[in-house]
Structures are given as structure tokens and as C-alpha cells.
Amino acid sequence: MSIRLRGALSAALIALACLLAPCGALAAWAAYDLADTGRYVSTMAPLAGDPAVQGAVADTVGAQVMDEVGDRPEVRPMRSAVGPYVHDAVRSFTRTETFRAAWDAANRALHDAVLHALRDDRERAVRVDLAPVTEQVKRRLTDQHMPLAARIPVEHTAVDVLPAQDLDRLRKGFHVLEVAGFWLPLAAVVFAVAGLAVAGCRRRALTATGLGTALGGGCLALAVAVGRRLTLADLPEAAHRPAAGAVYDALTTTLREASWLLVALGLAVALAARLSRPRESGTPETVPPLPDLSAADRPSVPGMSAQA
């Protein structure tokens with residue numbers, strides 16, 4: 001194989017490896033980090049103490065309670081009087097350990113339901129029931145001797161998380177991510193090793209691999225930042241954007257760490273390859289012997305005789 005052909009093949013393999021590295025990190029994050037229920041619950045657990053998340057939960061649950069009150073003619077007259085107390089009760093409830101336990105249990109149940117729906121062939125929506133939280137709010141208002149609090153209706157109110165019409169598309173994408181999460185990182189490593197093996201100048205090829213990996217990691221970090229901006233911009237209610245931002249940041253923590261790890265690893269490899277010196281081939285250079293000076297050619301020192 002000629003040197004020019006080896007160089008072109010090496011460049012193509014290294015470019016493909018650098019392209020697959022960030023894609024493999026993204027697929028592995030979705031397949032192994034998001035799809036693990038234990039990791040998901042532990043990631044979401046600290047958000048129970050986030051003020052923005054607590055406010056969003058209080059607004060959602062409070063509005064749902066008041067909607068249920070408005071739907072009942074026998075308790076509709078107390079809607080305007082109970083409204084502020086309901087919101088305060090929900091706010092107070094979100095600061096308790098009971099809410100933290102309910103938050104973890106709800107996230108675990110939600111994650112299990114979503115995974116089951118994505119791995120099942122049945123077309124049924126994934127829903128969250130707000131009745132347990134409403135029951136807790138009603139109990140807190142009753143303990144505070146709020147008038148007519150015991151008459152607040154508690155019904156099973158389902159909120160769609162994954163609509164049935166979107167399940168088929170999401171299921172196909174999830175299956176692709178499960179396969180790509182294993183094969184894309186492996187393919188990136190194989191292509192990088194193959195590109196270095198066929199390179200005519202491995203030092204230069206290693207430098208290109210490191211710089212390409214760092215560039216891919218930087219593009220992945222930029223994609224995460226752009227995705228956050230687009231996700232928050234699509235929310236219908238601007239008041240819930242801080243809570244959604246906190247959730248997005250928590251879920252993408254591992255992905256951001258992986259992107260900066262690619263940047264650091266790539267730059268370190270490129271710098272090490274750049275600073276290394278190629279080993280010279282051939283026999284070592286010999287030092288010529290010093291000439292033998294005769295007595296007549298030796299320099300004379302003033303004040304000393306020729307004889308010792």
C-alpha cells in the first residue's frame with residue numbers, strides 16, 4: 001500500500017472515529033443513564049428541595065384541586081374562599097419529608113411506567129395520578145381546621161406523560177438508542193485504533209485523533225446547551241421554566257461531564273503527541289578521538305620551563 005493511500009485511509013478512519021465519539025456518548029447516556037430507574041430516581045431526588053420545582057408542583061396541584069372543587073356544585077361556593085388556603089397548604093406540603101418520600105416514589109413509578117410502555121407493544125398512554133398528593137393537601141387543611149376542607153373532592157386525576165399516539169415513534173427511537181449505546185462507542189474505538197495502525201506518521205495521526213476528539217466533545221457540550229434553550233423556549237408557561245431548567249440540568253449532568261471529559265482527554269492526547277520526539281533510526285553517531293599533540297605542538301605556559 002502506498003504512503004498516500006495509507007494517509008488517506010488513516011484520515012478517513014480517524015475522522016469517522018471522532019464523529020462517532022460524541023454520538024456514542026449521547027447514545028450511551030440515553031441507553032444506560034436515563035434508562036436506569038435507580039439512577040433516575042437518585043438524580044431527581046435532590047430536586048424535591050429546589051424552590052422552583054416546589055413552586056411548579058404547588059401551582060399544578062393547587063390548580064388541579066381547585067378545578068375539582070369547581071366541578072362539584074355542592075362545594076363550588078367555597079372556591080374563592082378556599083383557593084388561597086389550598087395554595088398555601090400545597091406550598092407547605094412540598095417542604096416536608098412526606099413530600100420528599102412521595103416525590104421519590106412518584107418518580108420511580110413514573111420511570112417504571114415509561115420504560116414498560118417503551119418496551120411493550122401495547123398502545124396505551126402513560127399517566128400520572130395526582131390523587132395521592134390531593135389527599136395529602138386535604139388532610140393538611142383538615143388538620144389546620146380549615147372550614148369545609150373535609151368536603152374537598154379527591155378523585156383519581158390522570159395527567160398524560162406520554163400520549164398513546166406518540167408511543168410508536170418514541171419506542172422505535174428508544175430501541176435504536178439501546179443498540180447504538182453499545183455499538184457506537186465500540187466502533188469509535190475500533191476506527192481510531194485502525195486509523196493509527198495504518199497511518200504513515202503515527203505521531204501526526206495521534207495528534208489529529210486527540211484534536212478531533214476534543215472538537216467532538218465541544219460540539220456535544222454545545223448541543224446540550226442549545227437543547228436546554230430550545231426545551232425551555234417551547235414551554236407554554238414561562239413561570240415553570242426555572243423548574244424545567246432544573247430538571248433538564250439534573251438529567252443532563254452525566255452527559256455534560258462526558259462531553260468535557262472528551263475535550264480534556266482529546267487535548268491531553270494531542271499535547272502528549274505533540275511534545276513527544278520521534279525516535280531516530282540508524283547507528284549512533286561516534287565521537288572522533290582527540291588528536292595526539294606532540295611536545296612541539298603543546299602550548300607553552302609562560303614562567304615554566306620546557307622540562308618538568
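This is a predicted model: local features need pLDDT of at least 70, side-chain atom pairs count only at pLDDT 80 or more; totals for chains, interfaces and linings use all residues.
Residues are numbered from 1 along each chain as its sequence is written, and side-chain values use heavy atoms, with hydrogens and water left out.

Back to our pair. Helix α2 covers residues 37-44 and helix α9 covers residues 241-251; their axes come within 9 Å and cross at roughly 135°. Axes here are lines fitted to C-alpha atoms, for helices over the stretch in contact, and the angles run from 0 to 180 degrees between N-to-C directions. Which residues in α2 and α9 meet? On the α2 side they are Y40, T43 and M44, and on the α9 side V247, A250 and L251. Contact means heavy atoms within 4.5 Å.

Helix α1 (residues 3-33) packs against helix α7 (residues 167-198) with the axes 7 Å apart and an angle of about 155°. So α1 is roughly antiparallel to α7, and α1 passes α7 in a left-handed crossing.

Now, stepping back to the whole chain. How many helices and strands does the chain have? There are 10 helices and 2 strands, both taken as DSSP runs numbered from the N terminus (H or I of at least four residues for helices, E of at least two for strands). Read from the N terminus, the order is α-α-α-α-α-β-α-β-α-α-α-α. Of the 308 residues, 34% are buried; buried means under 20% relative accessible area, exposed over 50%, and partly exposed in between, with a 1.4 Å probe and protein chains only. The accessible surface of the chain, from the Shrake-Rupley method with a 1.4 Å probe, is about 19,200 Å², and carbon and sulfur atoms contribute 62% of that. Among contacts with a separation of 6 or more, 81% join residues 24 or more positions apart.

Let me zoom in on a few single residues. S10 sits in helix α1 and is buried because its relative accessibility is 4%. Leaving out residues up to four places away in sequence, S10 touches G195, V198, A199 and A205. S259, in helix α10 (residues 253-275), is buried too, since its relative accessible area is 0%. Beyond its neighbours within four places in sequence, S259 is in contact with G217, L220 and A221.

L261 is also in helix α10. Is L261 buried or exposed? L261 is exposed, because its relative accessible area is 56%. Its C-alpha atom is 9.9 Å from that of T213, 48 residues away along the chain.

Then there is D59, in helix α3 (residues 51-70). D59 counts as partly exposed because its relative accessibility is 30%. Apart from neighbours within four places in sequence, D59 is in contact with H87 and H240. D59 and H240 are 181 residues apart along the chain, and their C-alpha atoms are separated by 9.2 Å.

Last topic: the aromatic rings. A pair of rings is described by the distance of the centres and the angle of the planes. Rings of Phe, Tyr and Trp (its six-membered ring) pair if their centres lie within 6.5 Å; planes under 30 degrees apart are stacked, over 60 edge-to-face, and the rest tilted. That rule gives 2 aromatic pairs. One, F99 with W103, is tilted, at 6.0 Å centre to centre and 45° between the planes. Both residues, F99 and W103, lie in helix α5 (residues 97-119), 4 residues apart, or about one turn of the helix. F99 is buried because its relative accessibility is 5%, and W103 is buried because its relative accessible area is 14%. The pair of F182 and W183 is edge-to-face, at 5.0 Å centre to centre and 85° between the planes. F182 is partly exposed because its relative accessible area is 44%, whereas W183, at 52% relative accessibility, counts as exposed.

Definitions and conventions
Angles under 35 degrees count as roughly parallel, over 145 as roughly antiparallel, 65 to 115 as roughly perpendicular and the rest as oblique. A crossing is left-handed if the near helix is turned anticlockwise from the far one by less than a right angle, and right-handed if clockwise.
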